[in-house]
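Hello,

Here is the structure for you to look over. My notes follow below it.

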Amino acid sequence: MRFGLAALVLLIAALAYGQSQLSIRDLGVTWSRGAASVSFSAKDLADERVRRELSSGLRKRMEVTVSAHLNGSDWRMGIRQFGCDVTRDLWEDGYLVRIGDQSERLKTLEQVLDRCLVVQGLFVGDPKSYELQKGRDIYFAVKAEFNPISKKQCTELIRPASGGDPVGPISVNIVRRRICKAERSIAFRGALLKVPE
Amino acid sequence: MSPRLRPGRWLPSRIAFLHLVSLLAAGVTSPSIAGAQDLDPRGEPYRPGDVVPAPKEQGASEDEDAEEFRDPYGVASEGRHSDQVSSQVRYVLEGIVVIGNKRTKAHVVRKFVPLKQGDFLDPESPELLDTEWRLMGTGWFDSVDIRLERGAERGYVVLVVQVKERNTFVIEKLVAGLSESVRRTTDSGRTLFPWLGFKVTETNLAGLGIRLSGTALVSEFQQGGRLDLRYPKLIKSEYGVRFGTFFLNGREFYGNNPLVSVPCGAPTCPSSSVVTNAVVRYRRGGFMVGTGKEFTSKLRYSLDWIGDIVSVLGRPEAASEVVGNEIQPIDFSIQDGRSFVSSLRFRLTFDKRDDPGITKEGVLFVGDVMLGTRALGSDYDFIKIDVWVRRWWRLPWKHTIRIGFFGGAAFGNTPFFYLYHISDLSDLIPSRFLEMQLDARPPPNLLGTSIENNYLGELAWRLDVGYDVPVYQNERERGLREVNVYGLIGLISLTDLRNQRTGFGGVVGYSGISRFPLDLTFDFGFRFDTRVGVFQFGFSTILGFVRL
């Protein structure tokens, strides 16, 4: 019994440790009127397959999510997300790019990737988000996804996969999770920094 | 299909106009959005290959934007952008080409594309973009890529669906455990034995999208198998059709230390004796045919006809047991020799769960009516009504609470395998599998009520509350995604309405609340959510072996 409890504690500790691991990258952070504005590149999201799909002629979506966290805590004090919709125009050899309510036409895929994934001066949260954290250590986490599937779509796709309750002490219900993933995603975080006093 | 995917009547004249557009385009540099706006201020109708404007929202003024921390990506205070879809390019579909399919028939793949040759194609149409996910959702492919290629003429495109097939033979369900039961009525005590149940499915039989499932139970005392064939959306592309056949070699256990009379043929045999359980050995085979339809992605119904042939191979001549302070005969709820059960089952399901594996929020309702009647050739006249509802809430601190209710009633001459069994209500005893009873133990009776006599009944309900705590969560491509500790406690009741002495008024010989057949049930354990599925390890059936 004691051995079992110890093993359980070790398992939970190991899992909790594994959860906090994100690679660290350079993130430029400037402060304007009490709000943080970040700059970074997530261009490595665009591997060979992503580049190929962006040229497929159908709309493809890249989504970037940046969140601000207090050091040593999972609590998210601010979040910002934007989507970048890209449609290649087959007959004009260009790309239509839409971010929020802005549309523009770009000539090359490199220009598209620079526009969508090389992020410059993105405000994350507002001054209220940081007001109570002045002088404390925070970090920014970034997640960039290619063609993320919405929660609603995912629910509808995997719904018929599983049956009712288990009948015994050990049971396995197969759920096709893989279809609910973005086609490609990367995640990283910036170094610790202090919220200006 | 959305009307905006269909070409209008003006298609032929517009296609002719395309040539003119292409000639003009040759002398013009990349058209700007503003240029397109000038060309077609109303935005509709579109010409194939035209660039048309994305509608602009009536937003805040520049001054207000400045206050809102506007940057090149929008306004910071909005946090998340809404999923806007606005068309900018339209083409005409010249054809659909499927490549990479070795087993799956091309026409089966084409059924998933909401367009046909000659339709207008909007490359931003959500329905078209969902096609990739819908094809992935079939489980037939490792990857699905949909792309457009230039057609023979300007404005025309060919839709290319490139698939990479995968293994479509999957293990859908796997369950294992230990149970206690007896081989025959004359056995002096119960034996502990392992059992294994599984369901395997070929999801794309002959490349036609047909699902063929095999379910089996293997144990020392019970064996059974079932085959199901399901053809989704066969009739009018709306109604699914399914067939099933099964064969079971089972034992049903009755009584709590009953007095039985067993013919053994030898003159030294006692005429009757007290045994652990009265056992009915039977073989049951049958056939099912049914159909179903999805009204919406959440609401569906099914209608099945089920025919069962039951052969009783052996049973005590008579059996009785003590219930309260009276001795009552045991009703085996099955006819001697061979009998036939013919029934119709209608099921309505409303499923709004966010995830069928580890549910965090949503609701699940299942309503089931089963009717067996001589009008259908049945030897048993009965009606059975079940209602099952569960509601999950995600709490602010990321835990999940669940409340569940099950209620069911059977009226008439219902065969035992359609009656309610204590193992289906209590988590402390392994549930029936393929409608075969795995465990012969009596109800745990943690409240000391008259439920101790009830293992099979016609009225059953269960009310439970569950609580889930995620101890690990990580979205990753492979391996473990979530570990969840769960606990559950519930109140159950099982009543035999056929017996006047154990009916609604409570059992004679018990007093106070103990007259009513109530019991507690609980379970706790771990759920591991992995890429391949949800593994659950529950401790309740193991604790069920501890005599409390």
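Start at K384(B), which sits in strand β20 of chain B, residues 382-394. Bear in mind that this is a predicted model.

K384(B) counts as buried because 21 other C-beta atoms lie within 10 Å, and the cut-off for buried is 20 or more. Leaving out residues up to four places away in sequence, K384(B) touches M370(B), G408(B), A410(B), T414(B) and Y418(B). V369(B) is 15 residues from K384(B) along the chain, and their C-alpha atoms are 5.8 Å apart.

Next, the sheets.

One is an open sheet of four strands in chain B, with mixed pairing and the order β4-β3-β6-β5. Its edges are β4 (120-121) and β5 (141-150); each has a single partner strand, so one side of each has no neighbour in the sheet. Inside this sheet, β3 (residues 91-99) and β6 (residues 156-165) of chain B run parallel, joined by seven bridges. V97(B) has V160(B) in β6(B) as its bridge partner. Helix α5 of chain B, residues 126-137, lies across β5 and β6. The helix runs at about 155 degrees to β5(B).

Another open sheet of four strands in chain B has antiparallel pairing, in the order β13-β12-β16-β17. Here β13 (273-274) and β17 (326-329) stand at the edges; each has a single partner strand, so one side of each is left without a neighbour in the sheet. Two bridges pair β12 (residues 259-261) of chain B with β13(B), in the antiparallel sense. Across that pair, V260(B) stands opposite S273(B).

Best wishes

How values were computed:
Residues are numbered from 1 along each chain as its sequence is written. Chains are lettered from A and ligands numbered from 1 in the order in which they are written. This is a predicted model: local features need pLDDT of at least 70, side-chain atom pairs count only at pLDDT 80 or more; totals for chains, interfaces and linings use all residues. Two strands pair if DSSP finds at least two bridges between them. Two residues are in contact if their C-beta atoms, placed from the backbone, lie within 7 Å. Axes are lines fitted to C-alpha atoms, for helices over the stretch in contact, and angles run from 0 to 180 degrees between N-to-C directions. A residue is buried if 20 or more other C-beta atoms lie within 10 Å of its own, exposed if 12 or fewer, and partly exposed in between; C-beta atoms are placed from the backbone.
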